[in-house]
Amino acid sequence: AAMAVIFQHVFTTITNNPNLFSFSQIQKFYFTMGTNFVTWDVPAFLMISGMLLLKPDKTITYQTCLKKYIKRILLALFIFGIPFSCMEIFMDTRKVSFSMFPKSVLNVITGNSWDHLWYLYTLIGIYLFLPVIKAFTDTCSKETFQYVLAVLFVFNLCIPIFNQLWEIEVAFELPVKTIHLFYFLMGKYLDDELPPILRKKKTVLLGIAITLFAKVIFCKLQMAYEDVFHNDLDRILTMALTILIFSALKGVSFKKINSQSLWRADRLCFGVYIIHPVFMHFFYKFLKISPISFEHRWAVASIGFWVLFTICSFFTSWVMSQIKPLKKYVL
């Protein structure tokens, strides 16, 4: 999932900045399709968090949420968000001034630092309600759990699609209206017991292939009919792909891989998520070198950039983990 995030941002940084990059329709299709293939990345993070934090034998208190989880994310937001915002201001103005710091602090507070930090704001919201969510999942029946997931599914996936297709605004509202809570709870639900159809690996792999093909079709339609095929319509496919990938990997044995090495790599992933855009901004905006720069080899170059940024991100995360206060309180 961490590597998929890097892959997604290698591509979206180009398609989301048409003022910086000039690309053809074929290139736009390639980068958009590549992005659509990995939109399961952050939903998978949320499902994994739900799976781990909502286990029945795990004790979650308000003190734990405030003093451990939320404190850690807030520190990460300001320790990294402020320099990120300063870098953005510098790249836009090519000037260094004393006003950069207060502006950057305000940008972090208002959520106007780098886009990928939205996930940290989301985590804080989930952690604030985590004791309540945990109390619910510990005591509710399977039928009640399914009912809540169904309600979240309808209001966060179905109704937005309905609104987009028919260009109307359904008036019914949900007090807790967020797709992130759906994924968080779905991780716990699938961890308890996979539905029979998701226990068959061949069926799940076939489902992944079909969903990816559907995403290719959606990408073509989106480029041809942008006014009709909005990103909201892709949410169902993203949900299906996330659940299928989660189910495919759940229970898989990694005996051939040294467990300690795998664990050490896993411990670096939060730092990887935070730091990886630094390299994209440095290459894309400062050096003005991107896959588009490589003329006829731009497709291969995009994969090369992904590999390069992945290696740089994991290495930098490892370096940061050697700083004891940073490792103890943030990473």
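**Entry 1: the model.** I noted at the outset that this is a predicted model.

**Entry 2: the largest pocket.** I began with how much space lies in the largest pocket, and the answer is about 2,000 Å³. Then I asked myself which residues lie nearest its centre. I found Ile48, Leu52, Asp266, Arg267 and Cys269 there, out of a lining of 48 residues. I sorted that lining by class and got 31 nonpolar, five polar and 12 charged residues.

Next I checked which helices supply at least two residues of the lining. My list runs: helix 1 (2-15), helix 3 (41-53), helix 4 (62-93), helix 6 (118-139), helix 11 (235-249), helix 12 (259-267), helix 13 (269-275) and helix 16 (324-329).

**Entry 3: aromatic rings.** I searched the whole structure for aromatic pairs and found 28. I followed one set of ring pairs and saw that they link Phe21, Phe282, Phe283, Tyr284, Phe286, Phe294, Phe305 and Phe309 into a cluster.

**Entry 4: charges over rings.** I wrote down two cases here. Arg72 lies over the face of Phe270, and I get 4.3 Å to the ring centre. The other is Lys220, whose charged end sits over the ring of Phe29 at 5.2 Å from its centre.

**Entry 5: Lys285.** I placed Lys285 in helix 14, which covers residues 277-286. Is Lys285 buried or exposed? Its relative accessibility is 16%, so I count Lys285 as buried, the limit being under 20%. I then looked for a partner of its side chain and found Glu88: a polar contact of 3.3 Å joins the two side chains.

**Entry 6: Ser317.** I located Ser317 in helix 15, residues 298-321. With a relative accessibility of 2%, Ser317 is buried as well. I also wanted to know what lies 2.7 Å from a polar atom of its side chain, and the answer is the backbone oxygen of Leu268.

**Entry 7: the loop between helix 14 and helix 15.** I looked up two residues with positive phi in this loop. Lys288 is found in the loop, and its phi is about 60 degrees although Lys288 is not a glycine. Glu295 is also found there, with a positive phi near 45 degrees, again in a residue other than glycine. I checked accessibility for both. Lys288 has a relative accessible area of 57%, so I marked it exposed. Glu295 is exposed too, because its relative accessible area is 61% and the limit is over 50%.

For the second pair I took Ile208, which lies in helix 10 (residues 201-224). Ile208 and Ala240 are 32 residues apart in sequence and 8.2 Å apart in space, C-alpha to C-alpha. I marked Ile208 as buried, since its relative accessibility is 14%.

Methods. Residues are numbered from 1 along each chain as its sequence is written. This is a predicted model: local features need pLDDT of at least 70, side-chain atom pairs count only at pLDDT 80 or more; totals for chains, interfaces and linings use all residues. Side-chain values use heavy atoms; hydrogens and water are left out. On a 1 Å grid over the protein atoms alone, a cavity is a set of points where a 1.4 Å probe fits but cannot get out, and a pocket is an open set with protein on both sides within 12 Å along at least five of seven lines; lining residues have an atom within 4 Å of a point. Grid points are joined across faces, edges and corners, and a volume is the space filled by probe spheres set on the points. Helices (H or I, at least four residues) and strands (E, at least two) are DSSP runs, numbered from the N terminus. Ala, Val, Leu, Ile, Met, Phe, Trp, Tyr, Cys and Pro count as nonpolar, Asp, Glu, Lys and Arg as charged, and the others, Gly among them, as polar. Rings of Phe, Tyr and Trp (its six-membered ring) pair if their centres lie within 6.5 Å; planes under 30 degrees apart count as stacked, over 60 as edge-to-face and the rest as tilted. A charge sits over a ring if NZ of Lys or CZ of Arg is within 6 Å of the ring centre and within 35 degrees of the ring normal. Buried means under 20% relative accessible area, exposed over 50%, partly exposed in between (1.4 Å probe, protein chains only). A polar contact is a pair of N or O atoms within 3.5 Å; within protein, one must be able to donate a hydrogen and the other to accept it, and residues adjacent in sequence count only if both atoms are side-chain atoms.
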